[in-house]
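Here are a few friendly notes to read alongside the model.

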Amino acid sequence: KGPPLEHSVRKHLRVKMTFTRFAEIGRVCLVNYGPDTGKLCTIIDILDHNKALVDAPAGSGLRRQLIPFKRLNLTDIKINIGRNSRKATLAKAYAAADVSGQWESSAWAKKIAAKAARANLNDFERFKVMVARKQKASIIKKKLGELKKSA
């Protein structure tokens, strides 16, 4: 070991942590596998390094259950609740933190919604999307050609 660092040097060595999504009580998660795929839930308790007890407010269709971390995607949303909170406490915390609003405004939720909308298109709607993409590509190609000629 070398000599101890001086206070002024130590002060500048502070590093900001880049990882912020920790599996913790109150972390809102998205179920990524099984019958509850696509539903939001909250970690209520951590059983061990593999499983968490999760729950969601009434009406979400998700009951309190143990789910492995492999089947959960951690989101950036966290609510302040105690360990093993009751459903009513969880519902109040969800409403206070506006979890559904935060989720709907996230890029992740918008991407999932766009993917679902795209999957529900019928044949004629897919054809219209293809035609629109071709028209857009031709307009871009014309403008790019004009810019090259003028430069």
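1. A word on terms: two strands count as paired if DSSP finds at least two bridges between them. Helices (H or I, at least four residues) and strands (E, at least two) are DSSP runs, numbered from the N terminus. With that, 5 strands make an open antiparallel sheet in the order β4-β3-β2-β1-β5. Its edges are β4 (65-68) and β5 (72-78), each pairing on one side only.

2. Please bear in mind that this is a predicted model: local features need pLDDT of at least 70, side-chain atom pairs count only at pLDDT 80 or more, and totals for chains, interfaces and linings use all residues. Residues are numbered from 1 along each chain as its sequence is written, and side-chain values use heavy atoms, leaving out hydrogens and water.

3. Look next at β1 (residues 27-31) and β2 (residues 40-46), which run antiparallel and are joined by 3 bridges. Here Val 28 sits opposite Thr 42 of β2.

4. Both of these residues return in the contacts (heavy atoms within 4.5 Å) of Tyr 94: not counting residues up to four places away in sequence, Tyr 94 touches Val 28, Leu 40, Cys 41, Thr 42, Pro 57, Ile 79 and Val 99.

5. Now the cores, meaning sets of buried (under 20% relative accessible area, 1.4 Å probe, protein chains only) Ala, Val, Leu, Ile, Met, Phe, Trp, Tyr and Cys residues joined through side-chain atoms within 4.5 Å. In the largest, with 14 residues, Ile 79 and Tyr 94 touch the most other members. Its largest share, 3 residues, comes from α2. A second, separate core of 11 residues includes Val 31, Cys 41, Ala 52 and Ala 56.

Terms used
Buried means under 20% relative accessible area, exposed over 50%, partly exposed in between (1.4 Å probe, protein chains only).
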